[in-house]
Number of protein chains: 2
Amino acid sequence: MQQRRERERSQREALIVSAARAMAEADGWPSVTVRKLAERIEYSQPVLYSHFAGRGAIIDAVALQGFVEIAEALRLARTSAAPGTELEAVARAYLDFAAANPALFEAMFTLAEGLPFGPDAPASLKAGFDELHAVFAPLAGEEDDPEALTETGWAAVHGLTALDRGGRLRPDLRAERLAILVRRFTGR
Amino acid sequence: MQQRRERERSQREALIVSAARAMAEADGWPSVTVRKLAERIEYSQPVLYSHFAGRGAIIDAVALQGFVEIAEALRLARTSAAPGTELEAVARAYLDFAAANPALFEAMFTLAEGLPFGPDAPASLKAGFDELHAVFAPLAGEEDDPEALTETGWAAVHGLTALDRGGRLRPDLRAERLAILVRRFTGR
DNA sequence: CTCGAATTTCTAGCGCTGCTAGAATAACGA
DNA sequence: TCGTTATTCTAGCAGCGCTAGAAATTCGAG
């Protein structure tokens, strides 16, 4: 009884999130309006507000999905890489993920505002960082704090996606940038 | 006659840009509306549209100002650094600039959409990159393309600002991240 | 100095946005 | 079967970017 209603409700919530994501990936986030979203899922606008506090919360939900997925992608890349090539594999997976899901990435890193990062972040938000940590920490020299090294390495990879998105980097140097990044963080 | 009118016109245009920047830095870009901007400069809305194609073009103008200023800041840091410490000085200047002008930085790297980057970018947009190039190129090893190294180094520094802005990095590791970045790109 | 022409500025409004109060409808238990 | 509760919808508010057309101003010729 009650359970079926709750199940249907969470199904509808997932439908909203996936519809928002699809629309954003197709036409960009500005064209993801509550009206169009409501029309797409064939409910009225107030139904959306019974699931989410507002448009921003829907974007946050999409972003959360993105963090789960990128963690999976990084994990797969790391665990299936030949020994010694983990960094290259994970960095490439990160860049590929960003290129394949630009709107999702935008939600994760420039639009999301209500996600609980920081020390008390939930596991699903930390999982991606953990994958990076697994790759960078072994590369830490005696002077390097592994945590700070991971953050710095993350920034290097993420910076490439951020600058690339704005058309600030030369397309012909794409492979070379990755090679340099790997060399700099593995010490050749 | 004609000259005075043009001068006054460009003064008003500068006023619009500086007002937009100040409002964004004070309350964030979403609260920089054309209406409020018009009220602030004590003209009606259509006057703004006689200077700029739309709200986005105003943001672009602010961003352009930012690129000029960051180039100056990086140049100052580089030329006044002790020999061998240029990278650290420039990287720190970049991070400080981003921290001191968050809304300006947002305009430059996430909001600007009509700025002519790429191969044919004007000198004012390239000046900042040139400063980075002056710092990174000398650090290129035999295998490194200097251009690609500069882009990769830029990404590393920029990534720190991007992740920091979203509260994704541990505040207590700030100095350590910069130290690691410098070590990785200078080869200790 | 006067007056028509050209330019500049303003008023008013369009279609859209996120969001919500209150009415209508549907589902439920007694 | 009927009252209660929960759900959904209709309709509308205030604010947004932007613009057409009216009003005001400035200008040069007579």
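Helix α9 of chain B, which covers residues 174–186, has 13 residues and reaches 19 Å from its first C-alpha to its last, close to the 18 Å expected at 1.5 Å a residue; the expected span is 1.5 Å times one less than the number of residues, and helices are DSSP runs (H or I, at least four residues) numbered from the N terminus. The model is predicted, so that local features need pLDDT of at least 70 and side-chain atom pairs count only at pLDDT 80 or more, whereas totals for chains, interfaces and linings use all residues. Residues are numbered from 1 along each chain as its sequence is written, chains are lettered from A and ligands numbered from 1 in the order in which they are written, and side-chain values use heavy atoms, with hydrogens and water left out.

Just after α9(B), B:G187 takes a positive phi of about 70°.

Helix α7(B) bends by about 25° at B:F129, where the bend is the angle between axes fitted to the seven residues ending there and the seven starting there. B:F129 is among the buried residues of α7(B).

B:L160, in helix α8 of chain B, is buried, with a relative accessible area of 5%. Leaving aside its neighbours within four places in sequence, B:L160 is in contact (heavy atoms within 4.5 Å) with residues including A:E151, A:A155, B:R177 and B:L181.

Technical notes
Helices (H or I, at least four residues) and strands (E, at least two) are DSSP runs, numbered from the N terminus. Buried means under 20% relative accessible area, exposed over 50%, partly exposed in between (1.4 Å probe, protein chains only).
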